[in-house]
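Hi everyone, thanks for making the time.

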Amino acid sequence: MNREVENNNNLANANSLELGQAVQASLASRNDRDFYRLSATRSGTLTVRLDVPSAWGFLDSFRLSLFDSAGTLLNTYATGQDASFYLGLPAAGSYFLAVQPDLMHLSGNYSLSASLQAGLGGIES
């Protein structure tokens, strides 16, 4: 498993996230924001797996956001538990994922992974 490298708090300093590989990371403060760049070789359904500390269950403590290569926000989700998100990618290219604290921040580690399947499978892009 790869490890997050700071300072990745903006698009310009985003860590690379290889499809099919997980990264271990942490949100050190309420203002911490971790960006990851991924390359999609085709349009399709991006499955993003976010594993968070289990003690946070019912609180929305993590926010996951998807941006296109220009930095335009495409979608955002909040969760306090392990979750998979299914995101429609309209075209091949570079995309960015950001993980940041949401309503409640309790410092701790998380892991993030992504995979890409052909077709949108009913997912809106």
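Predicted model: local features only at pLDDT ≥ 70, side-chain atom pairs only at ≥ 80, totals over all residues.

Residues are numbered from 1 along each chain as its sequence is written, and side-chain values use heavy atoms, with hydrogens and water left out.

Let's start at Leu 17, in the loop between β2 (15-16) and β3 (23-27). Is Leu 17 buried or exposed? Leu 17 is buried, at 4% relative accessible area; buried means under 20%, exposed over 50%, partly exposed in between, with a 1.4 Å probe and protein chains only. Its C-alpha atom is 5.2 Å from that of Leu 38, 21 residues apart along the chain. Beyond four places in sequence, Leu 17 also touches residues including Val 23, Leu 97 and Leu 112, where contact means heavy atoms within 4.5 Å.

Leu 97 and Leu 112 lead us to the largest nonpolar core, with 25 residues; they are among those with the most contacts inside it, along with Leu 46 and Tyr 110. Such a core is a set of buried Ala, Val, Leu, Ile, Met, Phe, Trp, Tyr and Cys residues joined through side-chain atoms within 4.5 Å. Apart from it lies another core, of five residues, among them Phe 35 and Phe 96.

Finally, Ser 65 in strand β6 (residues 62-68) is buried too, at 4%, and touches Phe 96 and Leu 97, among others.

How values were computed:
Helix = DSSP H or I, 4+ residues; strand = E, 2+ residues; numbered from the N terminus.
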